[in-house]
Structure formats: structure tokens, C-alpha cells
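Please look at the sequence and the three-dimensional structure shown below. The paragraphs that follow lead through them step by step.

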Amino acid sequence: MGVKGLQYFMDRCCPEACVTVNLREMARQQQASTTAPHTSNPTLVVDGMACLRHWYSCKDWACGGQWREYLDILKRWVEAFTSAGIRLVFFFDGVVEEQKRQEWVKRRRRVNGVISKIFRHIKELGDQPGRELFCLPSGLATFTPFALRSLGQEVFCSVREADYEIASYARQHGSMGILGEDSDFIIYDSAPYLSVAKLRINSLTTVMYDRQRLCQTIGLAVTQLPLLACLLGNDVVSEEKMRDVRNNAMAAYRKNSPAPHYGAPQGQVVLAVSQLVSSLWSTEDEETELVPQSLNLSAPRRELLKKGVCLYTLPGQKRPELCEISSLPSAFEKYVSPEILKACREKHAAAEGFMVYTVLCVGVTECSNTLEDEEDTELVPQALVYKPCRQLIYGLLLLLGHDGRIVDPPAIREWFVFPGNPLKEPDIVHPLPVSLPCDQPSLDLLWFSTGPDVSALRLTAFLTIFGCPEFSELYGVIEDALLAALCLVTYLVLQGACLAWAPVKLLDERG
């Protein structure tokens with residue numbers, strides 16, 4: 001998420017809310033204030049997605065592949081905090097909620113424009129551009145949680161909006177702060193919001209955005225910040241939806257303040273809307289409402305605002321009935337057992353899996369931008385290359401044990417970014433059955449059972465998905481990593497020789 005213009009306002013127009021802090025000293029103070037014996041080290045909750053660009057400082061980023069170098073960077077970063085007695089808890093985005101889908105699409109299209117410029121630069125000048133035209137290597141957000149887990153860190157993958165889970169965890173566990181780069185963290189009434197963009201890792205200093213000082217400056221209570229955020233615009237309530245409200249607020253602000261203290265337009269907008277929000281709660285009855293009746297809006301826009309405000313209400317806080325969160329039924333609960341759904345949710349939340357939760361429980365999966373040249377029509381986009389593989393994975397998850405008796409076959413909605421896809425709607429993809437050389441086992445058997453026969457069946461299912469079941473003889477003979485790479489190359493060859501030979505040709509041209 002992110003509140004339009006609020007980060008700019010705090011950085012440029014509200015210096016009193018930007019406090020330079022030393023994280024080592026913050027941790028020491030929190031430790032000293034804790035009277036309970038045997039308490040764990042002070043905890044810093046880290047928004048992993050916001051850190052990726054700061055972590056990935058490898059030089060040759062356009063080609064990617066510097067896994068060991070990247071792992072060393074993560075190791076040094078983690079050690080800087082642990083040596084100061086700070087416990088880190090990482091969160092990564094695990095789902096894209098449907099109400100955020102359009103904003104997700106807008107961002108993906110914007111990144112597509114950056115990728116086009118990157119390839120144009122490479123083809124014209126023969127080298128990669130500087131950091132001003134930078135795009136994270138494909139798959140970095142997927143693999144980084146596994147890297148952090150390998151370093152012994154506690155990692156979570158969200159089952160709803162990640163910002164919400166981060167703020168909720170930090171509040172419930174009394175964390176010393178939230179390290180991120182998202183102005184929503186100052187709207188949540190949770191732990192202090194600390195800037196990863198201004199972090200100096202050697203000295204462990206950064207800027208803390210002080211929620212109380214911001215409220216004093218703009219004349220609002222902390223409980224009024226969610227409505228301010230929605231009127232300014234965020235991922236749920238788009239900037240355009242409340243433009244007329246902001247325009248009216250600006251007109252009133254300029255009329256009442258002929259010489260505004262903050263000259264920048266962004267600063268004036270935040271102050272104007274804050275002044276409007278402050279004027280809305282005039283009676284005791286209205287203080288209990290999410291959106292006061294005095295804000296003259298149509299019913300649909302009022303409901304949209306209420307929905308946006310609710311997203312900032314954390315567990316344990318005063319929660320109107322409208323904000324009660326009901327658990328939705330899983331998308332494919334009639335195809336899999338409750339035990340499978342429970343297990344895949346737990347593994348997803350613990351960052352021990354990938355894609356399975358969103359497929360089984362949400363019925364949707366997505367793939368963000370990859371570095372693909374939209375002008376190169378000879379290479380098939382990776383989303384299409386791996387589509388047959390995904391269909392077999394869906395079949396493994398949804399069709400096992402049904403023996404073709406499914407009357408209403410399931411379909412997965414895919415939001416995959418690739419050249420030529422306008423992202424106006426998801427692709428509807430149907431699972432394909434996996435042909436195993438035995439009676440069709442159940443997914444429960446493959447997931448929960450143990451023993452050499454089940455292990456062999458799992459290996460056969462894996463190899464079948466990549467079209468190379470004969471490689472089972474290589475298992476245990478060669479390294480697992482080498483076997484995985486061999487399966488991948490074999491799959492690419494089976495999908496089309498030009499795909500497999502393209503990187504070989506590139507290496508040959510480089511000499």
C-alpha cells in the first residue's frame with residue numbers, strides 16, 4: 001500500500017516528525033525497560049519486499065545469477081543486527097488481495113515501461129544501464145525468503161495484505177519497530193515506523209517517523225489517520241476516487257490560510273485534507289463512525305471509504321462490526337481435504353512453500369515482471385514456456401484421486417506478466433492430469449505419508465511434470481542441484497530447441 005503524498009510531506013514538510021535514531025541504542029533501551037526475566041532480544045519486524053532493492057547491490061544485475069554474492073550480502077546485513085542484540089522477523093507478500101489487483105496491474109505496466117527502456121539501452125549502447133534504470137532480477141522476491149531461512153532467520157509469508165500482518169505482528173509482540181518503506185506504517189497504530197531507505201547499516205542509524213509528532217503538526221488524533229489516508233489515496237481508495245473531496249478541501253484551506261505555511265502543493269494537500277478530517281467529527285455519535293455522516297458522499301463512495309479505513313484496524317483495537325473479518329471458504333475445498341488446506345496454509349505462512357496456498361485456497365496465482373524484451377518475437381515468454389508445467393502441477397494438486405469423475409473441473413486464474421498480455425483480465429488455466437505408473441494416489445498420501453515407496457512416488461511425480469521420468473535412475477547418483485538443473489534444461493528442450501540453445505548461443509557469442 002502507501003498513502004499518496006504522505007511520505008513526501010513527512011520528509012520535506014514535517015521535519016519534527018523525522019527523528020534520527022540509533023537502533024542499537026533503541027534496542028538497549030527497550031531491553032532495559034523490560035522487567036520480565038529471560039525475555040528474548042528486542043525484535044525488529046522487517047518488510048522484506050521493501051528491502052530487496054537495498055539488499056541486491058550486485059554489480060551485473062541485468063543478467064542476474066549472483067546467488068552466492070547476494071547470499072553474502074544478506075548474511076552481513078543480518079549479522080549487523082544480531083551482533084547488536086536485535087532479533088529480526090521478516091515478512092514477505094504472499095498474496096495479492098482482489099481489492100488491490102488494479103493497483104498491482106498499474107504497477108506491473110509501469111515496470112514494463114522501465115524494462116523496455118532497459119533493453120533499448122542495452123541494444124543501443126551494448127551494456128547495462130545504471131541504477132536509474134534498474135529492475136530486480138526475476139524471482140528474487142520468491143527466493144529471498146528461502147535464503148533468509150537458510151541463515152536461521154524467522155520468515156513469514158502473508159496470507160493477506162502484508163502491511164497489515166507486519167503492523168499486527170509488531171503491535172501484538174511489542175516490537176521495537178517496523179523497518180520498511182511504506183507510509184501506511186505511520187497510519188497503523190503499531191510499532192514505530194523506521195526507514196530502510198535511510199538506514200546506515202555500519203552505524204545502525206536511520207530515521208524514525210514519529211506518529212505522535214505528525215499528529216500534532218496536522219492537528220489530528222491517531223484514530224483519525226486512517227480516514228486521512230483514504231482521502232489522500234491508497235491502494236484501496238484510488239487517488240481519483242476522492243479528487244473532488246481534496247479539491248474542495250484545498251479551496252477551503254487556501255481561503256482560511258491566505259499564506260500557507262507549507263508552500264509545496266503536496267504539503268498543502270496533506271494539511272488541507274487534515275483540516276477537513278478534523279472538522280468532521282463534531283458530535284459524540286460521529287466519533288464511533290468510520291466515516292462521519294457530515295462528509296457528503298454517495299453510498300458507493302462511502303462504502304469504499306469504510307472498506308479502506310477498516311484495513312487499518314488491527315486485532316485488539318476497537319473494531320466496529322463492519323470491520324470484522326470473515327474467513328472466506330477455500331476456492332477448491334471440494335477437491336482437497338481440510339488437512340491439505342490446513343497444511344498448505346501453515347507452510348505458506350512459514351515461507352516453506354510457494355504458489356500452492358494461492359492455488360488451493362484462493363484459486364489465483366500471479367507472476368510479476370521478468371526481464372523479457374517485448375520486441376524480440378523469437379523467444380517465447382517464460383510464462384507461456386512453463387504453462388504446461390504449471391498445468392501439471394495444478395493437476396497434481398486438484399485432480400489426484402478423482403479418476404476423471406469431476407463434473408465441474410476446476411480452473412485457475414493466472415495473472416502473469418509477459419509481452420503481449422494487456423492484463424485486463426486473468427487467463428483461465430485448466431489443470432492437466434499427471435500420468436503416474438501406478439493407481440492414482442491421493443494428494444494426502446503424497447503430502448503426509450512416509451516410507452520409501454511414497455518417496456519414490458513423489459520423485460516420479462516431480463520428474464513427470466518436467467517430462468523426464470527416466471531420470472529417476474540419477475537420483476542419489478548426482479547432486480540434487482545438478483539433477484534439478486538437468487530436469488529444467490530437458491524441459492526447455494522438449495518445449496522447443498530454440499529456447500534451450502538461446503543461452504548457449506549467447507555464451508558462445510561472448511567468447
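Is L204 buried or exposed? With a relative accessible area of 0%, L204 is buried; buried means under 20% relative accessible area, exposed over 50%, and partly exposed in between, for a 1.4 Å probe and protein chains only. The model is predicted, so local features need pLDDT of at least 70 and side-chain atom pairs count only at pLDDT 80 or more, while totals for chains, interfaces and linings use all residues. Residues are numbered from 1 along each chain as its sequence is written, and side-chain values use heavy atoms, with hydrogens and water left out.

L204 is found in the loop between β6 (193–195) and β7. Helices (H or I, at least four residues) and strands (E, at least two) are DSSP runs, numbered from the N terminus. Although L204 is not a glycine, its phi is positive, at about 55°. Most residues other than glycine have a negative phi. M355 is another non-glycine residue with a positive phi, near 80°. M355 belongs to the loop between α14 (338–349) and α15 (356–362), and it is buried, with a relative accessible area of 15%.

β1 and β7 (residues 205–209) run antiparallel and are joined by 5 bridges. Within this pair, C18 has Y209 in β7 as its bridge partner.

Helix α9 (residues 211–218) comes next. Its buried residues are R211, L214, C215 and I218. Seen down the axis of α9, they fall within an arc of 100°, so they line one face of the helix; the arc is that of the directions from the helix axis to the C-beta atoms. An α-helix has 3.6 residues a turn, so residues three or four places apart point the same way. The elements covering the buried residues of α9 include α1 (6–13), β7 and α12 (265–280). Just after α9, G219 takes a positive phi of about 75°.

Other strands pair elsewhere. Strand β8 (residues 364–367) and β9 run parallel, joined by 4 bridges, and T365 has E414 in β9 as its bridge partner. β9 also pairs with strand β10 (residues 427–429), in the antiparallel sense over 3 bridges. Strand β9 (residues 412–416) is largely enclosed by the rest of the structure, because 4 of its 5 residues are buried.

Finally, consider the cysteines. A disulfide is a pair of cysteine sulfur atoms within 2.5 Å, and by this rule the count is 0 disulfides. The sulfur of C344 lies 3.7 Å from the closest cysteine sulfur, in C361, which is too far for a bond. C344 is buried, at 3% relative accessibility.

How values were computed
Pairing = 2+ DSSP bridges. Contact = heavy atoms within 4.5 Å.
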